[in-house]
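I keep these entries as a record of what I looked up in one structure. Each entry takes up one topic.

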Amino acid sequence: MTTAGMKPLTKRPAWKALQAHYKKVREVHLRELFAEDRKRGERMTAEAVGIYLDYSKNRITDETVKLLLQLAEESRLRSRIDAMFSGEKINITEKRAALHVALRAPRGASIAGDGENVVPQVHAVLDKMADFSNRIRSGEWKGHTGKRIRNVVNIGIGGSDLGPVMAYEALRHYSERAMTFRFVSNIDGTDFAEAVHDLDPVETLFIISSKTFTTLETMTNAQTSRDWLLKGLGGNVKAVAKHFVAVSTNAKEVAAFGIDTANMFEFWDWVGGRYSMDSAIGLSTMLAIGPDNFRALLGGFHQMDEHFRTAPFERNLPALMALLGIWYNNFFGAQSVAVLPYDQYLKRFPAYLQQLTMESNGKRVTLDGTEVDYQTSPIYWGEPGTNGQHSFYQLIHQGTKLIPCDFIAFIQPLNALGRHHDLLMSNVFAQAEALAFGRTAEEVKGDGTPDWLVPHRVFEGNRPSNTILADRLTPETLGKLVALYEHIVFTQGAIWNIDSFDQWGVELGKVLAQRIIPELESKKESPPGHDSSTNNLICRYRKGRH
């Protein structure tokens, strides 16, 4: 992957053309665009691997799309994609590849990392995970007292938590209901206390997910869980090996904790945390839904990977959505994106996307260390419909902020209860329609609304959205959706010319916390060595605690 000889983003011809084009179309209303082109809603769509995208309700013309595609070409997007899939070290600050696509490559495929095909390693771990999952799910694996495992607690943070939590909730329909799954991430003791409150240690398995086995939050919770287990099992340290497994690369620390390294599931430094839910970090997911469903999840990821790798950009779902995002972020000045899944199972999907998008592209310098002179990642947020309609949709419809929306919905419900699904889907379509076309003062007056009330009931419209439809929320479909957004993030990072795979922004707070911990725990009244605000807060805390 090379960016040598490539013009800075804001100097590229397509960027300049988009700036000029924006001035021409920024006041054009979606009402006009649809009136001019009666087939727009059928024409501005794309479909691949069972995912249907309607992007017609965006403030774009054919010229907009043409210029955005030109920007992708001028940004060498195709060569960037090839570099990622071929195992080049595109994470330049950490000198690593970003080979999450290898985690879902089929057995027999070849993807090189440091000159070695990594796919056989991936499948060796998957096979080990499947064997372990089958033993737990069947009851063959017994706890220390000889009882079967009925409770699984995943302990991790960041990508080691958000992916498994989201996947468990998203695929709960397919999960083993005779088992209980809990997730602990926050260093706040309440998170652990509530997670184990009603669990029996005799029947509980902990998965400790930490690549280094040194992460502060994860290892603090791991030690607390070890203490809790031993207290419940009479203090016999041999019990640890029957009730703890690790997802890590640090065999020495895993063994020191008391976990049998035969029950350590490996992953690799070319797997970023926020891209790891389909690695061994997904062990809790596999325990919940079973190996076959987990492999179907991986199959969905791979189908979207291949679509992204091979499809022309004008029909490429991740590329199209990424370019539309750049259009609003960099030309309209939109500061956030709302992701609105109309499926209760996807209630944690927006939270998952927050890490994926903002930890990846929340960067202020380019690959060569130059400060950017344009906006990078917008803020991602959202809630499942229809809950959000009774919460923040007011602002999206009638507020002063422009917030592009992604609606996600499924044609077939997993729980068919009377009219529920038709009512749910009517809201998906109605909200996108209302955002796009609004309601004019004349239309409001035509309803007999008093003049003084008219301004309050006018909907400006012209609020853009994408609608993503799939047939049914299955493990395979979830894989496609996650990969879709992974590649949106990659595409935008490539065009912004930033490193989407490091996360140095999380480091400083960690370093400072390590300095502050002994100052909080000290019994001495020695003054802490910070700024006056931090010093005062530390002293006030110490006084209250001691």
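**Entry 1: terms and source.** I began with a rule for strands: two of them pair if DSSP finds at least two bridges between them. Helices (H or I, at least four residues) and strands (E, at least two) are DSSP runs, numbered from the N terminus. The model is predicted, so I noted that local features need pLDDT of at least 70 and side-chain atom pairs count only at pLDDT 80 or more, whereas totals for chains, interfaces and linings use all residues. Residues are numbered from 1 along each chain as its sequence is written, and side-chain values use heavy atoms, with hydrogens and water left out.

**Entry 2: the sheet of six strands.** I looked up a bridge partner and found F407 of strand 12 paired with L340. Strand 10 (residues 336-341) and strand 12 (residues 405-410) run parallel and share four bridges. I then traced the open sheet of six strands, whose order is 1-2-13-12-10-11 with mixed pairing. Strand 1 (45-48) and strand 11 (379-381) are at the edges with a single partner strand each, so one side of each lacks a neighbour in the sheet. On average, neighbouring strands here are turned by 15° against each other, direction ignored.

I next asked which strands helix 14 lies across. Contact means heavy atoms within 4.5 Å.

Entry 3: I found another open sheet, of five strands in the order 6-5-7-8-9, with parallel pairing. Its edge strands are strand 6 and strand 9 (264-265), each of which pairs on one side only. Strand 8 and strand 9 pair in the parallel sense over two bridges, and A246 stands opposite M264 in strand 9. Helix 7 packs on this sheet and touches strand 5, strand 6 and strand 7, at about 150° to the direction of strand 6. Helix 8 (residues 189-196) packs there too, touching strand 6 and strand 7, with about 170° between its direction and that of strand 6.

**Entry 4: helix 7.** Buried means under 20% relative accessible area, exposed over 50%, and partly exposed in between (1.4 Å probe, protein chains only). Among the buried residues are D161, Y168 and E169. The buried residues pack against several elements, including strand 5 (151-155), helix 12 (283-289) and helix 20 (475-496). Helix 7 (residues 159-170) reaches 16 Å from its first C-alpha to its last, close to the 16 Å expected at 1.5 Å a residue; the expected span is 1.5 Å times one less than the number of residues.

**Entry 5: aromatic rings.** I noted 26 aromatic pairs in the structure. Rings of Phe, Tyr and Trp (its six-membered ring) pair if their centres lie within 6.5 Å; planes under 30 degrees apart count as stacked, over 60 as edge-to-face and the rest as tilted. The rings of F206 and F244 are stacked, because their centres are 5.0 Å apart and their planes at 20°. F206 lies in strand 7 and F244 in strand 8 (residues 244-247), so the pair ties together parts 38 residues apart in sequence. F206 is buried at 0% relative accessible area, and F244 is also buried, at 0%.

F349 and Y485 form an edge-to-face pair, 5.8 Å centre to centre with 80° between the planes. This pair links helix 15, which holds F349, to helix 20, which holds Y485, across 136 residues. One aromatic cluster is formed by W15, Y22, W327, Y328, F331, F332 and Y374.

**Entry 6: charges over rings.** I found the charged end of R226 over the ring of F257, 5.7 Å from its centre. K242 lies over the face of W141, at 5.6 Å from the ring centre. The rule requires NZ of Lys or CZ of Arg within 6 Å of the ring centre and within 35 degrees of the ring normal.

Notes
Axes fitted to C-alpha atoms, helices over the stretch in contact; angles between N-to-C directions.
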